[in-house]
Amino acid sequence: SEKLLEVRNLKTSFYTHVGEVQAVRGVSYTINKGEAVGIVGESGSGKSVTSMSIMRLLQFPGKIKSGEIIFKGEDLVKKSNKEMMSIRGNEIAMIFQDPMTSLNPVYTVGDQIMEAIIRHQGASKKEAREKAIEMLRLVGIPSPEKRVDNYPHEFSGGMRQRAMIAIALSCQPDLLIADEPTTALDVTIQAQILELMKDLKEKINTSIILITHDLGVVADVCSRIIVMYGGLIMEEGTSEEIFYEPKHPYTMGLLKSIPRMDIDEKQRLIPIEGTPPDLLKPPKGCPFAARCPYAMKICVEHMPPYFYVNEGHRAMCWLLHDEAPKVTVDTGVRK
Ligand code: SF4
Ligand code: MG
C-alpha cells in the first residue's frame, strides 16, 4: 500500500504564561492511500492537536516544536500559510463535531458546496450546482434538487453533518480528517453517519482519519486504530487486534467502557478512574502510570519504548517486556 501521510516524531506545545504545555510529545504514524484509521483517546490526549498540526490550524499559543508531516512526499511543517490554504479543503479536508459552527447560516447549503467547488476546481456556476446536487445525493440527502436551496437551519442535525461531509468531499480530497463527527448527534443518526462514511470510503478512494473519544465508533469504519494518551500513542494495531488482543492497559480500559448489549445496564459503563497527566509537567515515566492497575516501579521511572507484537501492532508498555510479569485481562469484548 502506498503512503499518503507520514507523521514523524511530531511535537506540538502550547506556550502559555504558566509554561509549556506539551500537548503532543512525539507522535509518529502513517496513513496509506484509501485507508481509514481511527485515532482514539480522551480529551487532552493530543488527538485533536495532532490533526490541527497537520492542518496547520493551531491556535495561538500553539506551535509545532519539531517533527515532520510528510504529505504526498512534502513536509507540511515547511509550507507557507499561502501554500497551506490551497492544500486545506482541496487535498486535505476536515469536518468537526458541530456542523452549525462550520456552516454559514446566511447562505444556502447548495451555495456553500458550490463555493468550495468553484474555488478549488474552477467549475462554472452551472456545473457547480449540478455537482452540489450530486454530492447531496451521494451523502444521502433526500430530494437533493430541492434541498440544495435550503438554508442550514432548515436541515436537521444529522442532515447538516451530511452536508458538511458533502462540502468536505466535493473537492475530492486525498485525506478527510473527521474530528468527533458524530458526537453531537443522537445514537441512531450517529450510526447513519458512520455508515455513510464507510460507504463513501468504498465509493471514493479518500483516506480517512476518524478522531473520537469513543472506541465503539471506529470499529466498523476503520481498519486500523491508534490509541492516544497524554500526548503519545499508547497502542496501534488493526481494529481486530485492538478489540480482541489489546496489549496496553489503557486500551483495555477503553474497551471496558464501551457500552455492550449483552450485559446488564448497571455493568455497562466502567470508566477508567483518575485523570490524564498534567502536560505542563509530564511524568518522566509512563504517562498512564498514575491510573494503571498494573503499574510497576520501572513504569514510574522510565518511559516505556514501543514493543512490537508484529510489524503493525505496537504498544508503549513495560508489560510487553520479556521479563515483565504476565497479566491476562478480560475486557469482556467477544468476537
Ligand atoms: Fe501500566 Fe506500566 Fe504499562 Fe504504563 S508501562 S501502561 S504503568 S504497566
Ligand atoms: Mg477534540
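A crossing of two helices is termed right-handed if the near helix is turned clockwise from the far one by less than a right angle. In the predicted model described here, α4 passes α5 in a crossing of this right-handed kind.

Helix α4 spans residues 109–121 and helix α5 residues 125–138; the two pack with their axes 8 Å apart and at an angle of about 120 degrees. The arrangement of α4 relative to α5 is therefore oblique. On the α4 side, the contact is formed by Gly110, Ile113, Met114, Ile117 and Ile118, and on the α5 side by Lys125, Ala128, Arg129, Lys131, Ala132 and Met135. Classified by residue type, the contact of α4 with α5 contains seven nonpolar residues, one polar residue and three charged residues.

The crossing of α7 and α8 is right-handed. Helix α7 contributes Gly157, Gly158, Gln161, Arg162, Ile165 and Leu169 to the contact, whereas α8 contributes Ile189, Gln192, Ile193, Leu196 and Leu200. Six nonpolar, four polar and one charged residue make up the contact of α7 with α8.

Helix α1 (residues 47–55) is largely enclosed by the rest of the structure, because eight of its nine residues are buried. The buried residues of α1 are Lys47, Ser48, Val49, Thr50, Met52, Ser53, Ile54 and Met55.

Ligand 1 is surrounded by 14 residues, of which Cys286, Cys292, Ala295, Cys299 and Cys317 are the closest. The shell around ligand 1 comprises 13 nonpolar residues and one polar residue, with no charged residues.

Lys284 is located in the loop between α11 (249–256) and α12 (297–301). Lys284 has 11 C-beta neighbours inside 10 Å and therefore counts as exposed, the cut-off for this class being 12 or fewer. Along the chain, Lys284 and Gly332 are 48 residues apart, and their C-alpha atoms are separated by 32 Å.

Key:
Residues are numbered from 1 along each chain as its sequence is written. Chains are lettered from A and ligands numbered from 1 in the order in which they are written. This is a predicted model: local features need pLDDT of at least 70, side-chain atom pairs count only at pLDDT 80 or more; totals for chains, interfaces and linings use all residues. A residue is near a molecule or strand if its C-beta atom, placed from the backbone, lies within 6 Å of it. Ala, Val, Leu, Ile, Met, Phe, Trp, Tyr, Cys and Pro count as nonpolar, Asp, Glu, Lys and Arg as charged, and the others, Gly among them, as polar. Helices (H or I, at least four residues) and strands (E, at least two) are DSSP runs, numbered from the N terminus. Two residues are in contact if their C-beta atoms, placed from the backbone, lie within 7 Å. A residue is buried if 20 or more other C-beta atoms lie within 10 Å of its own, exposed if 12 or fewer, and partly exposed in between; C-beta atoms are placed from the backbone. Axes are lines fitted to C-alpha atoms, for helices over the stretch in contact, and angles run from 0 to 180 degrees between N-to-C directions. Angles under 35 degrees count as roughly parallel, over 145 as roughly antiparallel, 65 to 115 as roughly perpendicular and the rest as oblique.
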